[in-house]
Amino acid sequence: MPLNAVPLNRFHNRALAAPRVRGLLRLLAIGIPAVILAVGCAQERAPEHYRFFALGTEIELTVVEPGRNDPGYVADHIHRRLQVMEEAWHPDGNGELARLNRRLAAGESMEVSPELASLLERGQSLETASEGLFNPAIGGLVRLWGFVTDTTRPRSPPDEEAVRAKTASAPRMADLVIDGTRVGAANPAVEINLGGYAKGYAAAHALDQLREAGIEAAVFNLGGDLVTLGRPDGPRGRLWRIGVRDPRSGEVVASIQVDGGSAVFTSGDYERGFEHDGEFYHHILDPRTGFPAGSVRSVTVVHDDPVLADAAATALFVAGEEGWEGLARRLGVEDVLIIGHRGNAWMTASMADRTMLEESITEAVIR
Ligand code: ADP
Ligand code: MG
């Protein structure tokens, strides 16, 4: 699923490029754009890594303290569960979501799984809370821009007239009519794409599984978005240090300290983008214009709810330089770090308390 679809070769190129970080002890997991910066010096046992590919992205589970259970077994379980999500929620093919989209386009309703129904309901409330900037109903626009397939990247922007027409048809999550598990839409332009928050959902699921299995300290990283469990040196030990990369250069620009049970999600223009006539186009669209949102380079959110962290990062990216602060407040998101196009940063005060910026950040504004 093109949730965060990075072509594999590109991902690996990035992953091999060692970040230059002051005092970097040891690099455990590399993703785009968040990495665990330093773990495990006081560990008796080396951390264990489990890697697999799902939801269009490379996933890595790093287990620092396995507790009483076999982490390999849990990793396997999570892997299989994420594969089921991927099949069900891929916008193409014959999964549940693709079938639902076809029915909605035909003006019909469909019976869906309770899980999808509740995810769609969550999407509705996130759309409302974000004043429409987070809008998973714009799947038609995402498709028009060519950001749906996992394997190919578009080379040129779509016809402007087509973008305007799709935008004018105003698909919104609020158009969905959800009655228990029956889902219809008041607007046939609605096409659901879960790419903006499915990774958050998957991360929440993984965290539940890890907790249930008695794993005590771990990081679950989905292509650079991650959740933490416990602390690397035990309950009274230090916090996790998470590195955030500049989306363009790949360099680590900030390190954020987080406790267990935190989600660190970043939306940036780093992925699935393409250049055309000197313009850079990427996969986060402003539902108001139908075009990629462009005023900032990346938004990182820390929150204990991975779904909110994921959706908020996307919404705040769309809100951009002018709108992020007010929207963060309304979304109930306290920890926000934004990297701007000038290599500058904005942070909330609470994020600033836990963040160390690298020297490459020339200017930082704390709000
Ligand atoms: P990433 O997957 O790179 O971490 P996001 O979480 O921001 O990035 O999700 C981007 C994906 O969400 C896009 O690929 C697209 O499928 C979908 N999307 C794009 N714009 C929006 C939007 N305004 N609201 C909700 N989903 C969006
Ligand atoms: Mg998101």
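Gly196 is buried, as is Thr314, where buried denotes under 20% relative accessible area, exposed over 50% and partly exposed the range in between (1.4 Å probe, protein chains only). The model is predicted, so that local features require pLDDT of at least 70 and side-chain atom pairs count only at pLDDT 80 or more, whereas totals for chains, interfaces and linings use all residues. Residues are numbered from 1 along each chain as its sequence is written, and side-chain values use heavy atoms, with hydrogens and water left out.

Gly196, in the loop between β6 (182-185) and α7 (198-212), and Thr314, in helix α8 (residues 306-331), are 118 residues apart. Helices (H or I, at least four residues) and strands (E, at least two) are DSSP runs, numbered from the N terminus.

Salt bridges, defined by a side-chain nitrogen of Lys or Arg within 4 Å of a carboxyl oxygen of Asp or Glu, number 20. In one of them, Glu131 is joined to Arg330, with the closest N and O atoms 2.7 Å apart. This pair links the loop between α4 (114-129) and α5 (139-144), which holds Glu131, to helix α8, which holds Arg330, across 199 residues. Arg330 is partly exposed, at a relative accessible area of 49%. By contrast, Arg297 and Asp246 are both buried; their side chains form a salt bridge at 3.2 Å, N to O.

Six aromatic pairs are present, a pair being rings of Phe, Tyr and Trp (its six-membered ring) with centres within 6.5 Å, counted as stacked with planes under 30 degrees apart, edge-to-face over 60 and tilted for the rest. Phe134 and Tyr197 have ring centres 5.3 Å apart and planes at 85°, and the pair is therefore edge-to-face. Phe134 and Tyr197 are both buried. Trp145 and Phe291 also form an edge-to-face pair, 5.4 Å centre to centre with 80° between the planes. Trp145 is buried, with a relative accessible area of 1%, while Phe291 is partly exposed at 24%. One aromatic cluster comprises Trp145, Phe147, Phe274, Tyr281 and Phe291.

Terms used: Chains are lettered from A and ligands numbered from 1 in the order in which they are written.
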